[in-house]
Amino acid sequence: MEGRITSIVRQKKDNARASIFLDEEFAFGVCDRTVEEFRLRKGDYIDRELFEKISDFDFLVEAKRIALAYLNYRARSEKEIRERLQKEDVPEPIVLRVLEFLKEQNMVDDEAWSRSFVNDQLVRKPVSSKQLAFGLKQKGVPKEIIEETISNLNAEESDEARARQAAEKRWTRILRTETDPRKQKQKLYTFLAGRGFSFDTINEVYKKIAKDNKDESE
């Protein structure tokens, strides 16, 4: 794309962007920052090399804007940001530069994000480390970070402790609605399995809860 700038017109739908006309015909749109960066003015000649530089810079500015707006709602994993930019057809080289920029600004940190994700999930409800690890994997967190995050979590609180916490709340409800001991046990097993806890963990928790309940009734 080559030609001389004959006019620069503010876009009606986006006041932060301008339409560039070359030789009286619309050529491309850019943001205000790009106009200032390249000091684009009426009468300037745009050759192919300059156009490519303008285009790359504008893509980068717009991609940063998209990423920052996406991060404004909550912290995101690197994968989430990458997918958001790809959804907007941002070229891969620009995606990499945006991610690099965000990391330099400490706005993307999968280790910190993983800890936050795990804490948020556990605030909502006690679940197994297996289920938490699966959630992190779905978000694109690297394997080594997942393993470290879960290891640190389990050092503070075991799966059995979390299963016990979940079971105690559920057990009271089960006892109110079910009198058959076998069905009580089955419902608790099904509930805890849905939280991702292993059979062995569920079995240990059930034994302790059933014993506590028996002791209280005697």
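**Legends to close-up views of a predicted model**

**View 1. Surface and overall dimensions of the chain.** The chain exposes about 13,900 Å², of which carbon and sulfur atoms supply 46%. The coordinates are those of a predicted model. Along the principal axes, the C-alpha atoms fill a box of roughly 95 × 35 × 20 Å. The radius of gyration is 28 Å, whereas a compact globule of 218 residues would have a value near 17 Å. Of the 218 residues in the chain, 37% are buried. Among contacts with a separation of 6 or more, 51% are between residues 24 or more positions apart.

**View 2. Order of helices and strands.** Ten helices and four strands make up the secondary structure of the chain. Read along the sequence, these elements follow the pattern β-β-β-α-β-α-α-α-α-α-α-α-α-α.

**View 3. The open sheet.** Four strands form an open sheet in the order β3-β2-β1-β4, and their pairing is antiparallel. At the edges are β3, residues 25–31, and β4, residues 45–46, each of which pairs on one side only. In general, the strands of a sheet pair through backbone hydrogen bonds, in either a parallel or an antiparallel arrangement.

**View 4. Pairing of β2 with β3.** Strand β2 covers residues 17–22 and pairs with β3 in the antiparallel sense, over six bridges. Within this pairing, Phe 21 has Phe 26 of β3 as its bridge partner. Strand β3 is also one of the edge strands of the sheet.

**View 5. Helix α2 across the sheet.** Helix α2 spans residues 48–71 and lies across β2, β3 and β4. The helix runs at about 40° to β3.

View 6. Leu 60 lies in helix α2. Is this residue buried or exposed? Leu 60 counts as buried because its relative accessibility is 9%, and the cut-off for buried is under 20%. Which residues is Leu 60 in contact with, leaving aside its neighbours within four places in sequence? The contacts are with Ile 94, Arg 97 and Val 98.

**View 7. Leu 60 and Asn 119.** Leu 60, a residue of helix α2, and Asn 119 are 59 residues apart along the chain. Their C-alpha atoms are separated by 33 Å. For scale, the box filled by the C-alpha atoms of the chain is roughly 95 × 35 × 20 Å.

Note on methods. Residues are numbered from 1 along each chain as its sequence is written. This is a predicted model: local features need pLDDT of at least 70, side-chain atom pairs count only at pLDDT 80 or more; totals for chains, interfaces and linings use all residues. Side-chain values use heavy atoms; hydrogens and water are left out. Two strands pair if DSSP finds at least two bridges between them. Helices (H or I, at least four residues) and strands (E, at least two) are DSSP runs, numbered from the N terminus. Contact means heavy atoms within 4.5 Å. Axes are lines fitted to C-alpha atoms, for helices over the stretch in contact, and angles run from 0 to 180 degrees between N-to-C directions. The radius of gyration is taken over C-alpha atoms; the globule rule is 2.2 Å times the number of residues to the power 0.38. Buried means under 20% relative accessible area, exposed over 50%, partly exposed in between (1.4 Å probe, protein chains only). Accessible areas come from the Shrake-Rupley method with a 1.4 Å probe; for residues, only the protein chains shown count as cover.
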